[in-house]
Amino acid sequence: MNEQPNSMPPLRRSLTSQETWGFGFSGLLLWLGTAPGIHAALGPQALWVWLPGTIIGILLNLQVKRLGTYFPEVAGGTPNYMTRLLQRLPNLARYGAIGYLLGWVSVPSIDAIILTDLIKANLTPLGITCPETLLRIGFTLLPFIVAFSGTRTLGILHSFFVFPAIEFLLTFCLQGIGWLSFAPTSPRVLPDLGAGISLIDWMKWFFIAVYAVYGCETTSSFVADSLQPSVTLRCLQVTAGLIPIVYLGGSWVLMRLATAPGLGDSAYLNLVAAAQPFWGGFAPALVTFLITSGCLLSSATAVSNCPRILYQLAKDGYLPPVFAVLSRRGVFEPSLICTLGLSLICLGWGDVERVVMVTGTGYLTSMMAIHLGEWVSRRRPAARWPWWSLSFFGIEAIVLVVGGLAWGWQDLAIGLLLPGLVSIAGTQLPRLNVSLFHPDGWMQRYHQQPHTSKTDWLAFQVMILIGLVCSAVSIGWWVWGKMSRCLAFC
C-alpha cells in the first residue's frame, strides 16, 4: 500500500435509508439476467447450482453486515472491508478490490446489450431497423449522465422505481409457487430431478451464478454516506431473507413452467412463458417492465458504487489520490470518468457471455479474497465464521480453475490478468504530466468555475427524469398496442 497522508475529505452523510435500501435491493434483480441462461442449459438440475450459491450468498450478506458495523466510515463496502482484513497482504488486497470493481463496471454495458436486444426482438417482426450501436452506447451513457447530476438525484430516481420492480419480482416468485401448489392445471410442484448434474457442469455454471447471487450486499457501499448507518446495514439482513425467495423460488417457477421448446436462453421468452399461467395477458407487459427496470436499476447501482470503491481505495493509498477528488456537489467526477471508460471498453466486446466470463473472473477472485480475509483475520472481532469462509474459499478456488477452463482458457487468462493490468495502469497515472491525473488539476478547475446559486434543483431534476421515463414507457406501450391491433386486422 502506498504511504500517503489520509487527508482526503470524508463523504457527507446525505443519503436517506430509503435511498440506500433501494440500492441494496438491486442485487436481487441480477437474477433476471442469469437465471434463464442457467435454466436453458441445465433444466431442473439448475437447482443444484442455486442451492449452495444461495446459502453462501446469505452468509456473505451477514458477514458484510458484521464488517460494516466495525467500519462504518469506509465507503465502497465489501471490497474495501476486504482490504482491511488483508492489510498484511496489500497487493492481494488491491487485486481483489479491483476484481470486485470490474465485476460491477461491466454491468452498464451488459445491461445496454440486453436492452438493445430486447428492443431489436420487438422491432424486427414489424420490419423496423434497430440502430444497435447507437442504442447500446445510449443505454450505457444514460446512468452516467444522471450520476453526474449528483448522488441524491440518482438515489431518489433509483428508489422511485426499485421498490415496484422488487414487488413485481417477489410477486412472480410467490404467486408462481402458489399457482404450482394449488392450481388444478398445475404440472406439480415437485420436479423430476433425474440423474443429477456432473461436477464439471456444476462448476461451469456456479462460476456464472456467483456473478448474481453473491451480488446482494451492495447496501454496504453506501454506509459511509448514509444518514442512518445502522438502518442501512439492516437492509443486508432483509436482503439475505429475500435471496431464497428469488434465487430458489423464482428458479423453481422457471424450471416448472418455462418448458416449451424454442425458448433458448432468452430472459424475455422464458419469463413470459413462466408467468403466462398466472398473469395471463398481462405477462408480456409486466415481464418487459421487470427486465427493463432490472437492467436500468442495476446499471444505476453500478455507477453509484464503483466510484465509491475507487474513492476509498485512493483514500487508503491503494490508488492515486485523484480518485478521491469530490466536486463541490459531492460528485466523484474522476472516478465516474474512469468507470465510464472501463464500461465502454466492456461494451466494445459486444458479447454478453464473454463480458460476464472475463469480468466475472475478477469478481470471483474478489469473493475468494473476502473469504480468505475472514480466515486470515479470524482473531479480529470483525471476522465472522472464519472456518466456513475458508471452506468457501477452497470451493471457489476449484470453481475458478475447473469452471473457468470449461468456459475457455483464453477468457480465463484475460480475466485473471485484467485486475492486475487495471491496478498497474491506475497506480502509474501520477507519472503522466496531465493535470486531470492529479488532484491539484481538479481543484484548480473547481476554483475557476463561477459560483452558482445555491437553489436546490434536486426535486426539479428528479421530477423531470421520472416524467421522461414514465412518458417513454407509456408511449412505447401505447404504440405497441396500436401496432398489435393493426397487425391483427392485417
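Mentor: Start with a cluster: ring pairs link Trp-31, Phe-172, Phe-278 and Trp-279. Rings of Phe, Tyr and Trp (its six-membered ring) pair if their centres lie within 6.5 Å; planes under 30 degrees apart count as stacked, over 60 as edge-to-face and the rest as tilted.

Trainee: Before we go on, what kind of model is this?
Mentor: This is a predicted model: local features need pLDDT of at least 70, side-chain atom pairs count only at pLDDT 80 or more, and totals for chains, interfaces and linings use all residues. Residues are numbered from 1 along each chain as its sequence is written, and side-chain values use heavy atoms, with hydrogens and water left out.

Trainee: Back to Trp-31. Which residues does Trp-31 touch?
Mentor: Leaving aside residues up to four places away in sequence, its contacts (heavy atoms within 4.5 Å) include Trp-50, Phe-172, Tyr-247 and Leu-271.

Trainee: And which residues touch the most other members of the largest nonpolar core?
Mentor: Leu-28, Trp-31, Phe-172 and Tyr-247, in a core of 134 residues. A nonpolar core is a set of buried Ala, Val, Leu, Ile, Met, Phe, Trp, Tyr and Cys residues joined through side-chain atoms within 4.5 Å. Buried means under 20% relative accessible area, exposed over 50%, partly exposed in between (1.4 Å probe, protein chains only).

Trainee: Which helix gives the largest share of this core?
Mentor: Helix α13, with 17 residues. Helices (H or I, at least four residues) and strands (E, at least two) are DSSP runs, numbered from the N terminus.

Trainee: How many residues does α13 have, and how far does it reach?
Mentor: It has 33 residues, 283-315, and reaches 48 Å from first C-alpha to last. That is close to the 48 Å expected at 1.5 Å a residue. The expected span is 1.5 Å times one less than the number of residues.

Trainee: Why is α13 called largely enclosed?
Mentor: Because 28 of its 33 residues are buried. Just after α13, Gly-317 takes a positive phi of about 90 degrees.

Trainee: New topic. How many aromatic pairs are there?
Mentor: The count comes to 18. Phe-23 and Phe-222 form a stacked pair, 4.4 Å centre to centre with 15 degrees between the planes. This pair links distant parts of the chain, 199 residues apart. Phe-23 is in helix α1, while Phe-222 is in the loop between α10 and α11.

Trainee: Are those two buried or exposed?
Mentor: Phe-23 is buried, at 0% relative accessible area. Phe-222 counts as buried too, at 0%.

Trainee: What about Trp-202 and Phe-206?
Mentor: They are also stacked, at 4.7 Å and 15 degrees. They sit four residues apart in helix α10, so about one helical turn separates them. Trp-202 is buried at 14%, and Phe-206 at 1%.

Trainee: Where does the charged end of Arg-378 sit?
Mentor: Over the ring of Trp-375, 4.1 Å from its centre. Lys-204 lies over the face of Trp-407, at 4.6 Å from the ring centre. The rule: NZ of Lys or CZ of Arg within 6 Å of the ring centre and within 35 degrees of the ring normal.

Trainee: Last one. How many helices and strands are in the protein chain?
Mentor: There are 19 helices and zero strands. Of the chain's 490 residues, 53% count as buried.
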